Amino acid sequence: MDSEPNEARVVADVPKGLLVAGQWVEAGNGATFDVFDPSTGEVLCAVADATPEDGRRALDAAAGAQKEFAATAPRARADMLVAAFDLLHERIEDLALLMTLEMGKPLAEARGEIAYAAEFFRHFAEEAVRIEGGYQTAPAGGSRFLITKQPVGPALLITPWNFPMAMGTRKIGPAIAAGCTSIIKPAQQTPLSMLALGEVLREAGVPEGVVNILPTTRPGEITEPLLRSGVIRKLSFTGSTGVGRQLLAQSAEQVLRTSMELGGNAGFVVLEDADIDEAVAGAMAAKMRNTGEACTAANRIFVQRSVIDEFGDRLAKAMSELPVGRGVEEGVRVGPLIDEKAREKVQTLVDDAVAGGARVLTGGAAPDGPGYFYPPTVLTGVPASAKMASEEIFGPVAPLTPFDTEDEVVAAVNDTEYGLVNYVFTNDLRRGLRVAEALESGMVGLNQGVVSNPAAPFGGVKASGLGREGGRAGIEEYLETKYVGIAM
């Protein structure tokens, strides 16, 4: 069966406008921008390019809907999320294909992301009806404390290109559950998944103005006025630390609640007593999810010297056997990088490491031909001075560095401004817990290469961000605590 008609259909079916006050509309000046297929470099379609004036229209819509939506019954908000959960599963094949076309990831991974994205709606539907307060006697007696939770108010949600659906539901889910309206600014490279999600939310019964979506090529011109408006009360951003710092500075003026999921530089530690097969499988998961284009990707792989050769050979064999190609092709496990700039960065980091003494076990050079492909690559003996030791690779490159002692590797892993996630592999439980507690990160995978879960608090420390998404903590980011003192 020819897949091209299906590709054309799913692109044709997705809305191409801005979602403002529950309606699909053109940009105020009629402008559009192109969305590209990274596996071919060809244009998929054009979508509306929002202006600052469109941002003001969306702000008015979100502000206008806030009071009524905050008063909506928690069960009604939960039902909206459950309906959206069901619709995502009903349309998983079309949504996965759409995501693969605009972002490049293989279809199997895209299906997995749609299912993962839907789980945030189900999880926060359950949290919506469990928002709790409290009532207690003052310690000195004579009065009572009434503690309630209220929605923080209109939120600006900024999502990245690498997980274009899941990073949206991870923010929109708790916002709806808490009773907050929102404006979503999706990444320029991958707006189609968010636009398709907007239509799902409309069909799920989310009221007009509660969710507004503004694709744009001028993010700063859109977001800065919103943050300084005094109407937006919450910012949630997933993206680079550099942009995050700018947004934090802009948010300071109005003292906004902020959630920041920023850059990562994950350390992956293989101790000599680890199960090597398990460690290789964990490294494949931590490195190759999303073709390495993930903030949780293993960026620095530290292997105890006595087992580094065995580990390196097994990892290189496993990496070299991964089929590379267009994500829509059967059996493909590694798709293209998002654009030529991303591929050039990966090649520059690999060349720098090799110049510093690293040895290539597999891969190491970009292929000729269309699309932004890069082969799965394993380097061993990567020095601490290599650029990739301090910069996110964001590609399918696994750099191995030897170490001798536990104290040495803990110091090396912590020697970074980032602190999102780290991974530890060992068969000694006490050792594993000791190392996990010593690592400076918001999350640790102990003998597992994937930590993301809608029911768990996702987030980092240091320059990797503020706040948590997912779990019980995720909805608290969208709630204010109010205390009422009662005289008796």
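Me: How far apart do the C-alpha centres of domain 1 and domain 2 lie?
Reply: Good place to start! This is a predicted model, where local features need pLDDT of at least 70, side-chain atom pairs count only at pLDDT 80 or more, and totals for chains, interfaces and linings use all residues. Residues are numbered from 1 along each chain as its sequence is written, and side-chain values use heavy atoms, leaving out hydrogens and water. Domain 1 covers 3-262 + 464-485 and domain 2 covers 266-446, with bounds from an automatic or database domain assignment; their C-alpha centres are separated by 31 Å.

Me: How much area do domain 1 and domain 2 bury between them?
Reply: Contact here means heavy atoms within 4.5 Å, and 28 residues of domain 1 touch 28 residues of domain 2. Buried area is the accessible area (1.4 Å probe) that two parts lose on being put together, summed over both. Carbon and sulfur atoms hold 55% of it, and the total is about 2,100 Å².

Me: Which residue does Arg326 meet in a salt bridge?
Reply: A salt bridge needs a side-chain nitrogen of Lys or Arg within 4 Å of a carboxyl oxygen of Asp or Glu. The rule finds three across the interface of domain 1 and domain 2. For Arg326, the N to O distance is 2.9 Å, and the partner is Asp37.

Me: Which element gives the most to the side of domain 1 that touches domain 2?
Reply: Helices are DSSP runs (H or I, at least four residues), numbered from the N terminus. Those giving two or more residues to this side are H4 (92-103), H5 (107-128) and H9 (241-252). With five residues, the top contributor is H4.
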